Amino acid sequence: MIIFNAILLALAPASALAAQSSDAQIDSKTSATEAEPQNSTRSSPENVLTAYRDAIQRLDASKMKPLFSEESQIFENGKAEGTFLHYLEHHLGPELGHVKSFTFTEPTVSLTQVDNTAFATETYGYVIVLHDDRKIERTGIATSVLVREGDNWKILRYHSSSRAPKKVK
């Protein structure tokens with residue numbers, strides 16, 4: 001049985017940069033359908049995170065690759081997964097082959113930007129429907145560090161975790 005772990009972003013230890021007074025804080029709720037994963041939408045760290053969510057929902061790995069730095073490091077549910085390309089080849093890509101649909105619910109993003117680095121925390125729910133019609137529901141959280149590479153922002157560190165939602169009594 002394939003248990004599809006949270007596929008979303010984030011992690012890196014807090015840095016001295018985060019303590020600088022020149023940082024900008026952005027708290028917002030974003031729809032998973034607000035931005036297309038195209039070059040024009042990568043002008044901000046939040047747009048990159050939205051583009052990644054959108055690519056996951058579309059099950060489109062080709063739209064995910066350009067969102068990550070070559071030096072990226074992925075951490076998911078207590079495991080170091082390597083670079084995004086390694087994670088895609090050995091973990092995420094094979095799992096996507098078993099997925100009929102992937103839907104995020106109520107995503108939120110909290111973002112702090114310091115110069116060419118951004119630190120983000122996301123919360124979300126998600127529902128995965130497998131090709132055999134089994135349904136997996138989870139709540140998740142992700143932290144990410146993004147860096148500006150030329151004109152684009154890219155995800156450098158990504159750490160996500162998830163769990164089954166609490167049942168209402």
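I count two strands as paired if DSSP finds at least two bridges between them. Helices (H or I, at least four residues) and strands (E, at least two) are DSSP runs, numbered from the N terminus.

The model is predicted: local features need pLDDT of at least 70, side-chain atom pairs count only at pLDDT 80 or more, and totals for chains, interfaces and linings use all residues. Residues are numbered from 1 along each chain as its sequence is written, and side-chain values use heavy atoms, with hydrogens and water left out.

**Strand β2.** I looked up β2 (residues 68–76) and found it parallel to β7 (residues 152–163), with five bridges. Glu-76 faces Ser-160 of β7. β2 also runs antiparallel to β3 (residues 79–82), over three bridges. Here Ile-74 has Gly-82 as its bridge partner. Two residues separate β2 and β3 in a hairpin, and Asn-77 in the turn has a positive phi of about 45°.

**Aromatic rings.** I paired rings of Phe, Tyr and Trp (its six-membered ring) with centres within 6.5 Å; planes under 30 degrees apart are stacked, over 60 edge-to-face, the rest tilted. That rule gives 11 aromatic pairs. Tyr-52 and Phe-84 have ring centres 6.1 Å apart and planes at 80°, so I logged them as edge-to-face. Tyr-52 sits in helix α1 (residues 45–57) and Phe-84 in helix α3 (residues 84–96), 32 residues apart.
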